[in-house]
Amino acid sequence: MEATGTDEVEKIKSKFMSAWHNMKYSWVLKTKTYFSRNSPVFLLGKCYHFKTDESGELSTDGSNFGKINKEISGNVEEFRKDFISRIWLTYREEFPQIKGSALTTDCGWGCTLRTGQMLLAQGLMLHFLGRAWVWPDALDVDNSDSESWTAHTVKKLTASFEASLTAEREPKILSNHHRGTLKRNCDDSERRNEVYHRKIISWFGDYPLAAFGLHQLIEYGKKSGKIAGDWYGPAVVAHILRKAVEEARDPELQGVTVYVAQDCTVYSSDVIDRQCSPVDSGKADTKAVIVLVPVRLGGERTNMDYLEFVKGILSLEYCVGIIGGKPKQSYYFAGFQDDSLIYMDPHYCQSFVDVSIKDFPLESFHCPSPKKMSFKKMDPSCTIGFYCRTVQDFEKASEEITKMLKSSSKEKYPLFTFVKGHSKDYDFASSPLHEERHLFPEDEKKRFKRFSAEEFVLL
């Protein structure tokens, strides 16, 4: 009876926290994001120009499209379509209970895991769909029954808040867009892309069997002493993602691997070894690799000298984004304009979506509203990611990024380095890549403990 009572208390506490976060973060939805018309906007390697003869700022919610010419309007729509097509993973509530806890939501503690999921999702989108792909229905997400997405979402969150207080499940209301079957005349390529689009999202579903879902990531985190409800930093999440990809059993995922830099050093031979490891018993094809580099962009505060390098990284089409944020909050950085970073925010608590059912609704996995933040507000702890399909792509990327590191570094030492050879050739103290019994080697665990006072303190 005691255990049951404790579970009930945890469930009530969980519902209260969900309601609180719904109310707290719904206010952010009311703010519009403005972009300068006179500066290019970069989004994961793609550049968009909103330049016009008139000075001022441009809202990306469509509210002032009529004030600008058709050419600029078209460019803004292309940017919006590209941004909305990225996969957005946020706090969820009422998902299956996390093993070993009474938690059915990650509100208040799961934001860095969510930003890590978004980065990995972008890597998988590059792998299966390519950077040029955009979701055909992206612009349909924005408006519902002539109502702006912001107002629609605030109402939805308000309803969720009221339902949480009365312990009632919020009814699922689908837009007209999803009530009927889409009669789209699409060719085989479009159909294939839509299959992969849904499959990628399903790998991040909030249920125990999803390869990269919250439940699985928490299981891998347990091997480093983490439990559901704990704080996770960008460096720890990078290693959890590596482990999740290693353990994934879906045949589609056997052609992808993840490498995590060690002490701000990318050992080229270690990366290539991972790429050249057998895909399965019958194939010898090389694997694509997602390289993750945990770094610090300064001491207590972010060093502005690193701004040009961060902008340079986000200008590369093979960049998969940055797990970062500002103190107390984690964001997924995907682009920039001038000295402001463009990001997706995971701090919206949405209802659980069962991705195992056919034609599950996709709207809540795509963010209609980009946000901007000044680079100087960024927390110095972050993890940079980039994707390389082949060994040749990795070698080219390492050369390109090395030049970028040298040109942007005013300090004696660059932010991170690429080194030829294996880590073992340099007497690196951690255990070999293929002989890990635990998620993290002992020296990395000690280093993470040291970092824990320096990285985010999540709400």
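Select helix H3 (residues 111-128) together with helix H7 (residues 214-222), whose axes come within 11 Å and cross at roughly 110 degrees; axes here are lines fitted to C-alpha atoms, for helices over the stretch in contact, with angles running from 0 to 180 degrees between N-to-C directions. That angle makes H3 roughly perpendicular to H7, where angles of 65 to 115 degrees count as roughly perpendicular, those under 35 as roughly parallel, those over 145 as roughly antiparallel and the rest as oblique. Helices (H or I, at least four residues) and strands (E, at least two) are DSSP runs, numbered from the N terminus.

Before going further, note that this is a predicted model, in which local features need pLDDT of at least 70 and side-chain atom pairs count only at pLDDT 80 or more, while totals for chains, interfaces and linings use all residues. Residues are numbered from 1 along each chain as its sequence is written, and side-chain values use heavy atoms, with hydrogens and water left out.

Staying with this pair, show the side chains of Leu 113, Arg 114 and Gln 117 in H3, which meet Leu 214, Leu 217 and Ile 218 in H7; contact means heavy atoms within 4.5 Å. By class, the contact of H3 with H7 has 4 nonpolar, 1 polar and 1 charged residues, with Ala, Val, Leu, Ile, Met, Phe, Trp, Tyr, Cys and Pro counted as nonpolar, Asp, Glu, Lys and Arg as charged, and the others, Gly among them, as polar.

Next, select helix H9 (residues 268-276) and helix H11 (residues 391-408), whose axes come within 10 Å and cross at roughly 160 degrees. That makes H9 roughly antiparallel to H11. Which residues of H9 meet H11? They are Ser 268, Val 271, Ile 272, Gln 275 and Cys 276, and on the side of H11 they meet Val 391, Phe 394 and Glu 395. By class, the contact of H9 with H11 has 5 nonpolar, 2 polar and 1 charged residues.

Now move to Met 344, which is found in strand S13 (residues 340-344). Is Met 344 buried or exposed? At 1% relative accessibility Met 344 counts as buried, a word that means under 20% relative accessible area, with exposed over 50% and partly exposed in between (1.4 Å probe, protein chains only). Leaving aside residues up to four places away in sequence, Met 344 touches Phe 83, Arg 86, Ile 87, Trp 88, Met 118, Tyr 331, Tyr 332 and Cys 367.

Two loops come next. Most residues other than glycine have a negative phi. Leu 44, in the loop between strand S2 (41-43) and strand S3 (46-48), has a positive phi of about 45 degrees although it is not a glycine, and Leu 44 is buried, with a relative accessible area of 0%. Cys 264, in the loop between strand S8 (256-260) and strand S9 (265-267), has a positive phi of about 60 degrees, and Cys 264 is partly exposed at 29%.

For other cysteines, select Cys 349, buried at 2% relative accessibility, and Cys 388, buried at 1%. A search of the whole structure finds 0 disulfides, a disulfide being a pair of cysteine sulfur atoms within 2.5 Å.

Finally, show the whole chain, which has 12 helices and 17 strands, and in which 55% of the 459 residues count as buried.
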